[in-house]
Amino acid sequence: MREKEHSLKTVKVFNPREIDLTKHVLELIRRTSTDLPADVVSALEQAHKREKPKSAAERTLAFILENIKLAKANSTPICQDTGTVIYHVYMPFGYSMLDITAQIHEATVKATELAYLRPNTVDSITGQNSGNNIGIGSPTIEFHEWEDETVLQSSLLRNSLRIDLMLKGGGCENVGAQYSLPNSELKANRDLEGVKKVVLDAIYQAQGRGCAPGIIGVGIGGDRGTSMLLAKKQLFRKLDDPNPIPELADAEEELLQKANTLKIGPMGFGGMTTVLGIQMGAMHRIPASYFISIAYMCWADRRGSLFYRDGRISFDA
Amino acid sequence: MIRLNIPMTDEQIMNLKVGDVVGLNGVILTARDQAHKYFIETFIDSEKIPESEAELHQTLCEILRGGVIYHCGPIVKTIDDRWEFVAAGPTTSIREEPYQDRVIEYFGLKAVIGKGGMGARTLAACQKHRAVYLHAVGGAASLIAQSVKEVEDVYKLEFGVPEAMWKIRVENFPATVTIDAHGNSLHQKIQEESRKILEAYL
């Protein structure tokens, strides 16, 4: 009996409401706005080597790589359009969505004051800029309840949380598209071949306007809303993260190769690099609908993650 | 790199062709969506310029005669009562396509800087009024901000920081001519060529 009492005292009762992530979210925003993920930088470096020396494409990619270095060194935003601020929070049972939302809001306001984010939230009716990136539906925060296997195995405390962040610029958001199959103009039927045709068309339609070379998120199925969310969620995958669905893994590879023969090139100046990656996901649909959504992400693919595990913070991009 | 000093002359503009890399020097004005709407509604389509806007109208005419508009919504930091551009890349220009030709004509612009290119109306206006479209590298905002040496003034800050008109002095601002005053557009050419390749896949 005495022994049991003792052991209970040493196990700290976990209270998620005691956790304040504000300063860590601020650091997540700073890192995401001023530094690109290693897989994206590596893809840009490889593209730079591929392009013809002294061509407009080669010069543009060199300029982009120099900008990435400078932004990181000076801790200034890679792009002035810090875009739609999108958070995905993965948390175990017991956390409060209201608490986390308040902390994310506070960090977002602070990041705007410190010029890691541009004041980018505009009232759609009055045209007034809120000045601090807080508004109706802004920033975007989506919550997911999860159980982190690694933590469950190593600890009694279910206190593992992850926040993914993406800063998605408006230029690329505006060239996103949604198709409904069949599409006779593109000779696209309701099958994977049809899907590939509309993806290539979307890349062609975008030309350089989405700040090529871009990364293309594709959502297959769902309804008009869920289909686009699926497309956008693909963009959180790393470029070298293989697609678990074999048919889609093949389609991604084929589309990447074909898209780069369109010769649109960086910024639409012509060249061999039009896209850096294609990332596809599928979901069920109803028999009447077959939607394909395309989310275009610019080369300034600003995504990052914050991990909170047993009181320790780490970051990944 | 071809060095250009602002204000520019017709002769300088006529010497430029698609593909030329230029470095701009002098005063330019940022203007994007709200500013273009304002130009059209308050000056160009208005029978009489409202008294409240007369002074700004005069100022803008002086800056823009032979001058340059930059499609840009910067990130600006205030340091000891001074403004500094922290990040200042181009925004997508095609949104100004419904307005740009008339704005070029009205103010006597010699260049528009942006990204993504513009359409047939702007192409025609560049030819008719001897102007060029200059493409800056989208997303390269920290690097481009280095060429902004001074923020001299700001107009219509009530539009919000991105949409306000910032008067800035630049040195060696890097850009590429993608629409020239001879009727050539790199954007049109790339679009037509990529269309042919796409069709083979359909």
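## Terms and model

Domain bounds, as used here, come from an automatic or database domain assignment. The model is a predicted one, in which local features need pLDDT of at least 70 and side-chain atom pairs count only at pLDDT 80 or more, while totals for chains, interfaces and linings use all residues. Residues are numbered from 1 along each chain as its sequence is written, and chains are lettered from A in the order in which they are written.

A pocket is found on a 1 Å grid over the protein atoms alone, as an open set of points where a 1.4 Å probe fits, with protein on both sides within 12 Å along at least five of seven lines, and its lining residues have an atom within 4 Å of a point.

## The largest pocket

The largest pocket holds about 690 Å³ of space, a volume being the space filled by probe spheres set on the grid points, which are joined across faces, edges and corners. Its lining has 31 residues, of which A:R118, A:N120, A:T121, A:V122 and B:R32 are the closest to the centre.

Because domain 1 (16-170 + 301-311) and domain 2 (171-297) of chain A both give residues to this lining, the largest pocket lies between them. With four residues, α7(A) gives the most to the lining, where helices (H or I, at least four residues) are DSSP runs numbered from the N terminus.

## The second largest pocket

The second largest pocket holds about 390 Å³ of space, and among its 23 lining residues the closest to the centre are A:L239, A:D240, A:L256, A:L276 and A:G277. Domain 1 (16-170 + 301-311) and domain 2 (171-297) of chain A each supply at least three residues of this lining.

Conventions:
Heavy atoms only, no water. Helix = DSSP H or I, 4+ residues; strand = E, 2+ residues; numbered from the N terminus.
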